[in-house]
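Keep the structure open while you read.

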Amino acid sequence: MGHPHARDAVRATLTGLASLSLLTGAVVASIPQAAAATQPATHAAISNPYSPAYQHAYRHGVLPTIQRNAKMKSWAANHPAATTATGPETLSYGGGVDGIGVQSGHSKVYLVFYGSQWGTQSTNSNGDATFSGDPDGAAPVAQEMFKDIGTGSERWSADLTQWCDGPNVSAGATSCPSNANFIPYQSGGVLSGVWYDNSAASPSAATGHQLGAEAVKAAGHFGNTTAASNRDAYYVILSPHNTNPDNYQGQYCAWHDYNGDSTLSGGPVSSSYGDIAFSNQPYNMDSGSGCGVGFVNSPGTLDGWTMTLGHEWQEMMSDQNPAGGWTNQTGSSYNGQENSDECAWISPGTTGGAANVTMGTGTFAEQASWSNDTNNCAISHAIVGGSSGGGTLTNGTFETGSLSGWTTSGTTSASTSAAHSGSYGATVGSTSPTNTSSVSQSFTAPSGTSKVSFWYNVTCPDTVSYDWATATLQDTTAGTTTTLLGKTCTQGAGWKQVSGTVTAGHNYTLTLTNKDDNYAGDATYTYYDDVTVS
């Protein structure tokens, strides 16, 4: 038999969801300056006068042109530094800025095509955005690369799993303790969203401040309006063909930073969404061979494009709020550089040289990044504390557009309406009456991890006596089960985050459930997204 108390609640829920959709889709046009990040980054001084970061401290991870890189090396050879205890290329931990050192969760990469010069937008057969003002076809390749990171057993990105942050990591450390927050292997891809901001033309030579402001605007566009939602987010600001953002031409090919850096050209950028990590990604094919055209392949038009995209992403992951993460503080000619800087423009076929990296569905030219634990430039690296066979969660952001990696029961789907961030989330249950539905996944907690987290948004126009959302974490190593989310029946409450404790090396099964009593008129369903182990 049914229960008539649930009838009117459906209308209220639908109204609440519509309001939530309007709020999360809003683009913030103006943010009070008082909301700017207040803790300045610490900067290791760049002494090499040929570096594009010389007297431009905000150009973190700056990748010089090949010609300028040669001048930097020549100057360094003629100005040797005193011998250091750890070696001239060893990176050390900067202590964090605003509590942030590295991106220790599953990275959420947002590509922002900045300015109407990109032209008319279309979609190709892979679902990638394409543009009429993109003569080299760079836009879809960028999307495919970030979709492919962490797939096909690639190990180029595994170099990142040695870096860490957290309260157990001392400033100045050159290696990570086992109880640190390590960067996990980025299984299942990292692309979380694409936005074409054609509301105006991109400046002919955007300042660092303008690029940072565009990143904050993008955070609003994607609904990442809290510090928590931006903790693992990264906004790539892609300027169009024939523009010269931050006067890169002839100097460098890309750099990254965060909005609160007081040294940004034009000043820091205020944000009411927490700290915003972003990069300046020029259309650097316009610089030809200076920015890597033909560096690995022939003709290799997009070699430097994918190398710079990969370079800055790896450096953002290891130094999210520069210079609170891992940088060179040895006083050598590498002083102030990050992991990818130290391996820039090494010839293919030589030790530590650039190479084609095969991922799940494509092959991309990439460069190596410095590895403290092997003392070299690594184009491939073992995963620290885990393996591709389940050391970390697979498809925890559901950005594959499917529930791949998850075991499902009942009524479930990957849908755009279920996205907490990015383009997809998991819908467990349905807007039509169902029974009990769930998604579950087994994984091994990698070394250095201590928690599992997820976001949920339940629509329950009934009472907890009949319908609910719940989540459990079974430790199959210890033989125990923990209820992470007790029976919950709410509506219009919006997204909430839940975290639980994990022990490195233990095997777990996480189960995300929606219970509906199959009664007409008051269907309960739950959205789940951004499941991470960190």
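Seven of the nine residues of β24 are buried, so this strand is largely enclosed by the rest of the structure. Buried here means under 20% relative accessible area, while exposed is over 50% and partly exposed is in between (1.4 Å probe, protein chains only). Strands are DSSP runs of E with at least two residues, helices are runs of H or I with at least four, and both are numbered from the N terminus.

Keep in mind that this is a predicted model, where local features need pLDDT of at least 70, side-chain atom pairs count only at pLDDT 80 or more, and totals for chains, interfaces and linings use all residues. Residues are numbered from 1 along each chain as its sequence is written, and side-chain values use heavy atoms, with hydrogens and water left out.

So where does β24 sit? It belongs to an open, antiparallel sheet of five strands, ordered β16-β19-β24-β21-β22. Two strands pair if DSSP finds at least two bridges between them. β16 (407–409) and β22 (480–488) are at the edges with a single partner strand each, so one side of each has no neighbour in the sheet. Here are the two pairings of β24:

| Partner of β24 | Bridges | Sense |
|---|---|---|
| β19 (residues 436–444) | nine | antiparallel |
| β21 (residues 468–475) | eight | antiparallel |

Now for the greasy parts. Which residues have the most contacts inside the largest nonpolar core? They are L111, F146, W313 and W326, in a core of 49 residues. A nonpolar core is a set of buried Ala, Val, Leu, Ile, Met, Phe, Trp, Tyr and Cys residues joined through side-chain atoms within 4.5 Å. Apart from this core lies another, of 28 residues, including A471, Y508, L512 and V531.

The largest cavity holds about 80 Å³, a volume being the space filled by probe spheres set on the points, which are joined across faces, edges and corners. Its lining residues, with an atom within 4 Å of a point, include G105, H106, Y185 and V531.

Key
On a 1 Å grid over the protein atoms alone, a cavity is a set of points where a 1.4 Å probe fits but cannot get out, and a pocket is an open set with protein on both sides within 12 Å along at least five of seven lines; lining residues have an atom within 4 Å of a point.
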